[in-house]
Amino acid sequence: MLIKVGFEIAFTFPEPTAMILMLYLHPTRLPTVCTPEHLRVEPWVMVPDFFDANGNRCGRTVVPAGRVVFSNSAVVLDCGLPDLQVKNAPQINIQDLPQDVLPFLLASRYCEVDSELKEIAWQLFSGAPAGWPRVEAVSNFVHNHIRFDYQQARATRTALDVYRERVGVCRDFMHLAITFCRCLNIPARYCTGYLGDIGVPPADSPMDFSAWFEAFLGGQWYAFDARNNVPRIGRVLMARGRDAADVAITTTFGVNQLQSFKVITHEVSAAALR
């Protein structure tokens, strides 16, 4: 299937301000891009790009004072299948993990592996078979433990806060699930990107960027989603990292006010390529 993705985000700035942007599709999606993306900034500014330590494509710029609008869009080819399910995928011993996977076992900004969550994780999940069933048990627990509420979003909420408060948005679900996985010696990383209402009833809230997580099992990464907790169609990756701190869509080094925020992601016909 073909999926159109894109966004328009507007800010106002009281003075010229430096920014780091993570507004592109992930490089691994490039072979699937049918209509290339093009980041637009109004008023126009130069946006040199670079790749961060996690392989994400980023941009950096200085925007002028006043209203600034960022937008981008692309059409990508997707297999049209739900998230891959490999129920017998085994857990890999730490000594056998690739070196580039090891950082995803460690504590990070929002994922306090070195906290009381370690003991809680083993109390809750030691009875589940190691490997895919254990990650699935984590996802099920987090899905049922947290109440989703946009009004309760908070940039400072960590995994331990999520466990205690039992409320949050999609990033909070993923932070708690990632932390539990790492506590259980299962590498896990945070993902952000587009996820439309394809194959499911339309959500009653405005479209937004989505978060999910990946666990390393059987020698490869698999997608899990503790918020939706069902295999979904049409995930379009933008960035990966240890947690949300690594994949901020925009990082602004100065005062700003968000004016508008629109995200699109939906299936289109082949006519969209003409």
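The second largest pocket has a volume of about 490 Å³. Its lining comprises 20 residues, with Arg29, Asp83, Glu214, Ala223 and Arg235 nearest the centre. Strands β11, β12 (220–224) and β13 (235–241) each give two or more residues to this lining. By class, the lining has ten nonpolar, three polar and seven charged residues. The model is predicted: local features need pLDDT of at least 70, side-chain atom pairs count only at pLDDT 80 or more, and totals for chains, interfaces and linings use all residues. Residues are numbered from 1 along each chain, and side-chain values use heavy atoms, without hydrogens and water.

The largest pocket has a volume of about 880 Å³. It is lined by 26 residues. Arg171, Asp208, Phe209, Ile249 and Phe261 lie nearest its centre. At least two lining residues come from each of β1 (2–13), α4, β10 (188–195), β11 (210–217) and β15 (257–268). The lining has 20 nonpolar, three polar and three charged residues. A pocket here is an open set of points on a 1 Å grid over the protein atoms alone, where a 1.4 Å probe fits, with protein on both sides within 12 Å along at least five of seven lines; lining residues have an atom within 4 Å of a point.

Helix α1 spans residues 117–125. Leu117, Ile120, Ala121 and Phe125 of α1 are buried (under 20% relative accessible area, 1.4 Å probe, protein chains only). They cover an arc of only 105° around the axis, which puts them on the same side of α1. The face turned away carries Glu119 and Gln123, both exposed (over 50%). The cover over the buried residues includes α2 (132–145), α3 (159–165) and α4 (170–183).

Terms used. Helices (H or I, at least four residues) and strands (E, at least two) are DSSP runs, numbered from the N terminus. The arc is that of the directions from the helix axis to the C-beta atoms. Contact means heavy atoms within 4.5 Å. Grid points are joined across faces, edges and corners, and a volume is the space filled by probe spheres set on the points. Ala, Val, Leu, Ile, Met, Phe, Trp, Tyr, Cys and Pro count as nonpolar, Asp, Glu, Lys and Arg as charged, and the others, Gly among them, as polar.
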